[in-house]
Amino acid sequence: MTRRSGRVVDEALSAGAVARRLGVAVTTLRTWHQRYGLGPSEHIPGHHRRYTPSDLARLEIMRRLTAEGVSPAEAARWARQAPDPTPNGTGVVAPTRLHPTGRDGGGSIPVGRAGPAARGLARAAMRLDAAAISETIAHALAASGVVATWEGLLRPVLAGIGERHAATAGLIEVEHLVSRCVSEALAAASRAKVPTGPARILLSCADEEQHTLPLEALAAALAEAGVSYRMLGARVPVAALVEAVNRTGPAAVVLWSHTRATADPTQLSALLAAPRRPLLVLAAGPGWRADTLPAGVVRPVDLAEAVSLSAAVRDSLDQSRRD
């Protein structure tokens with residue numbers, strides 16, 4: 001990389017890197033290249049062509065206009081005819097204001113200080129581009145693992161969708177599509193690394209709790225760490241949860257509550273009173289209030305701590321049984 005005028009100048013990028021920045025699928029980039037001539041322009045003999053900052057800026061115009069409802073052919077014409085968006089060879093992309101349809105694109109999903117991948121995922125979510133959403137998540141899981149992907153990519157976007165919904169009562173279709181893509185990606189990650197040995201960890205949502213994605217993320221992270229688990233899923237009545245504990249004798253139970261409405265501490269007390277009481281009861285999720293938790297219940301601060309505690313109690317139980 002070089003620096004000019006105090007700004008970082010991006011090097012030429014691969015198709016995968018451009019796709020992640022824009023929040024589109026690599027196959028979409030290939031289509032735009034083959035049909036509309038918006039392809040990589042830098043060529044080094046013996047290497048794949050690479051996208052320059054100017055190529056990236058024109059593709060951003062293409063992405064934005066198609067998201068606003070402009071036909072791909074018309075959006076490509078505007079992108080090709082736009083002035084060079086990186087004047088004087090600085091590599092700094094100037095803002096563009098091409099709005100041939102007069103539409104504003106329907107707003108955006110706030111992701112706070114999350115990085116480019118989260119912003120790209122948010123844009124793909126607003127376009128309801130399931131292929132790009134799934135590709136972005138799969139790439140992040142393969143490159144960074146479950147915990148980093150959840151904390152740095154998925155949670156900011158899901159929180160942003162929730163924030164927009166609270167403010168506008170909209171984005172229900174976005175939330176449904178993104179949730180499905182996230183669930184499928186986490187399930188695939190869990191299947192890719194199936195732990196061996198008995199399931200020592202029991203995962204459950206609180207009674208009437210329907211938000212399962214964080215629990216699915218924990219399941220995938222446990223699988224990645226080699227920790228076997230059982231997943232009961234959403235809306236588990238306390239009687240059924242206690243019955244599952246008595247039948248399976250888990251080392252730890254993780255009870256997820258997303259909202260105060262489902263965070264009834266008597267559910268935790270019932271677990272502590274079970275005949276086959278687990279060694280550890282974790283009250284996970286923002287629904288639980290620390291000052292209402294029964295003595296002996298632990299409230300993990302994040303996904304990484306929940307994985308660490310679960311693995312530790314599994315190891316402790318296994319060691320005691322060997323002794």
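The legends below describe close-up views of a predicted model. Local features need pLDDT of at least 70, side-chain atom pairs count only at pLDDT 80 or more, and totals for chains, interfaces and linings use all residues. Residues are numbered from 1 along each chain as its sequence is written, and side-chain values use heavy atoms, with hydrogens and water left out.

**View 1. Helix α1 against helix α3.** Helices (H or I, at least four residues) and strands (E, at least two) are DSSP runs, numbered from the N terminus. Helix α1 spans residues 15–22 and helix α3 residues 53–67. Their axes come within 11 Å and cross at roughly 45 degrees. Axes are lines fitted to C-alpha atoms, for helices over the stretch in contact; angles run from 0 to 180 degrees between N-to-C directions. The two helices are therefore oblique to each other. Angles under 35 degrees count as roughly parallel, over 145 as roughly antiparallel, 65 to 115 as roughly perpendicular and the rest as oblique. The crossing of α1 past α3 is right-handed: the near helix is turned clockwise from the far one by less than a right angle. Val18, Arg21 and Leu22 of α1 meet Leu56, Leu59, Glu60 and Arg63 of α3. Contact means heavy atoms within 4.5 Å. By class, four of these residues are nonpolar, none polar and three charged. Ala, Val, Leu, Ile, Met, Phe, Trp, Tyr, Cys and Pro count as nonpolar, Asp, Glu, Lys and Arg as charged, and the others, Gly among them, as polar.

View 2. Arg63 forms a salt bridge with Glu60. Their closest N and O atoms are 2.6 Å apart. A salt bridge is a side-chain nitrogen of Lys or Arg within 4 Å of a carboxyl oxygen of Asp or Glu. Both residues lie in α3, three residues apart, about one turn of the helix. By this rule the count comes to seven salt bridges.

**View 3. Helix α6 against helix α7.** The axes of α6 (residues 130–144) and α7 (residues 146–168) come within 7 Å and cross at roughly 135 degrees. That makes α6 oblique to α7. The crossing is right-handed. From α6, the contact uses Thr136, Ile137, Ala140, Leu141 and Ser144. From α7, it uses Val146, Ala148, Thr149, Leu153 and Leu154. Seven of the contact residues are nonpolar, three polar and none charged.

**View 4. Leu158 and its contacts.** Leu158 is found in helix α7. Leaving aside neighbours within four places in sequence, Leu158 is in contact with Trp150, Val178 and Leu213.

View 5. Five strands form an open sheet in the order β4-β3-β5-β6-β7, with parallel pairing. Two strands pair if DSSP finds at least two bridges between them. β4 (229–233) and β7 (297–298) stand at the edges, each with a single partner strand, so one side of each lacks a neighbour in the sheet. Strand β6 (residues 280–284) pairs with β7 over two bridges. Val281 stands opposite Val297 in β7. Helix α9 (residues 213–224) lies across β3 (201–205), β4 and β5 (252–256), at about 165 degrees to β3. Helix α10 (residues 238–248) also lies across β3, β4 and β5, at about 170 degrees to β3.
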